[in-house]
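Dear colleague,

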Amino acid sequence: MKLQKQFVQSVRLYFQEQGEAWLEKLPELIEYCEQKWSMKLKEPYSLSVNYVAPAVMEDSTEVVVKICIPGEEFLDELEALQLFGEKGSVQLIDSDHKNRIIILEKLSPGCTLAELTDDEEACWIAAKVIKNLSIKAPVQTRIPTIKTREESLRKIVKEYPNGIGHISLQTLQKALKIFTYLNETADKSFLLHGDFHHYNVLASGDMTWTAIDPKGLIGEIEYDLIQYMLNKLPNQRAYEVIEKRVEIFTEELNLNKERLLLWGYCHTVLATSWSVDDKDGSYSESFYQGIEIFKKLYEANFGGLYY
Ligand SMILES: Nc1ncnc2c1ncn2[C@@H]1O[C@H](COP(=O)(O)OP(=O)(O)O)[C@@H](O)[C@H]1O
Ligand SMILES: [Mg+2]
């Protein structure tokens, strides 16, 4: 079986022996799907670390099959899909826990928000998708809260007493203080998408836009938007683009702008830290510039970022 090179490399890099064993088992899993659901799988989409392919059922219904990489994240995604139900996210048709398989409604044509050239238009659409998706956090759930992100940054602060990549210890500590402050003062809790960006919003039918690939997270809506804001930034005028995105989301979703900018600052420090490659020291420059942008935006609107 011929697999996409980048996909095989990522699976091996991030999941090592477990990933290798799963890659070997993939042909068997595909056959299992074809038999269990009487379907035929087609060529996969462009893959990251999960095997996702369109398929046709016996009655010609088109669906999408997602065979997930080993790990517990699959359970979060499945629960998020079940909880969102018919609200703004792609519809779950069936699942198989043991083999980590999800069957989804197929969105056609399936182009992503990344294909829109007008950044403001894409952002208004994204805001409406999030609006549709907004549901209160369930009382009991296995899905993690934003507190886990704060803990992730705390661990980095401890492990890198001299700072990480180009981020100084002082910046790490400031971001951690802000994370703690925001988590301690959060009063509304929602089920969040958890991986919301241009490539996870797809068009179907007459340009109805729907979120796919929810990883699930519990917390404030403001936090869920930061990843989108850092995505697809131009090399020039990134400040103005983020400023406009903040304005659009705040207006459409009636959000707390101050908290949005604070989440922006601390999450961007975390995301940049995650992107640092311990071997060669490289990091996401785009995320790195985002740290300064959120800081400047905060200062322009609310004064010094004294934490
Ligand atoms: N329901 C769907 N309808 C149409 N295309 C889909 C659907 N789900 C996924 N895809 C395609 O498969 C790709 C990978 O799926 P995704 O769930 O985002 O996987 P990953 O978790 O690896 O990012 C998407 O970018 C999209 O192109
Ligand atoms: Mg995805």
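What is the handedness of the crossing of H9 and H10? The crossing of these two helices is left-handed. Please bear in mind throughout that this is a predicted model.

Helix H9 covers residues 257–275 and packs with helix H10, residues 285–302, at an angle of about 160°, the two axes lying 8 Å apart. Because of that angle, H9 is roughly antiparallel to H10. On the side of H9, the residues that meet H10 include Leu261, Leu262, Tyr265 and Val269. Among those they meet in H10 are Phe287, Ile291, Phe294 and Tyr298. Sorted by class, the contact of H9 with H10 has 12 nonpolar, five polar and three charged residues.

Helix H5 (residues 169–185) also packs with H9, here at an angle of about 130° and with the axes 9 Å apart. The angle makes H5 oblique to H9, and the crossing of the two is left-handed. From H5 the contact draws on residues including Leu172, Ala175, Ile178, Phe179 and Leu182. From H9 it draws on Leu262, Trp263, Cys266 and Leu270, among others. The contact of H5 with H9 has 12 nonpolar, five polar and two charged residues.

A further partner of H9 is helix H4 (residues 147–159), where the axes come within 10 Å and cross at roughly 55°. H4 and H9 are therefore oblique to each other, and H4 passes H9 in a left-handed crossing. Arg149, Ser152, Leu153 and Ile156 of H4 make this contact with His267, Val269, Leu270, Ser273 and Trp274 of H9. These residues divide into five nonpolar, three polar and one charged.

The next point is the metal site. Which protein donors does the magnesium ion (ligand 2) have? They are Asn200, through OD1, and Asp213, through OD, lying 2.2 to 2.5 Å from the ion. Asn200 lies in the loop between strand E8 (190–192) and strand E9 (201–204), while Asp213 lies in the loop between strand E10 (208–211) and strand E11 (217–219), so the pair ties together parts that are 13 residues apart in sequence.

Ser108 and Pro109 are joined by a cis peptide bond, with omega about 10°. Pro109 has its place in strand E6, residues 109–112.

Which residue in the loop between helix H7 (226–230) and helix H8 (238–253) deserves a look? That residue is Lys232, whose phi is near 55°, a positive value in a residue other than glycine. At 35% relative accessibility, Lys232 counts as partly exposed. Asn254, in the loop between H8 and H9, has a positive phi of about 55° although it is not a glycine. At 70% relative accessibility, Asn254 counts as exposed.

With kind regards

Terms used. Residues numbered from 1 in each chain as written. Chains lettered and ligands numbered in written order. Predicted model: local features only at pLDDT ≥ 70, side-chain atom pairs only at ≥ 80, totals over all residues. Heavy atoms only, no water. Axes fitted to C-alpha atoms, helices over the stretch in contact; angles between N-to-C directions. Helix = DSSP H or I, 4+ residues; strand = E, 2+ residues; numbered from the N terminus. Parallel < 35°, antiparallel > 145°, perpendicular 65-115°, else oblique. Left-handed = near helix turned anticlockwise from the far one by under 90°. Contact = heavy atoms within 4.5 Å. Nonpolar A, V, L, I, M, F, W, Y, C, P; charged D, E, K, R; others polar. Donors = N, O, S within 2.8 Å, 3.2 Å for Na, K, Ca; no water. Buried < 20%, exposed > 50% of the residue type's maximum accessible area, 1.4 Å probe, protein only.
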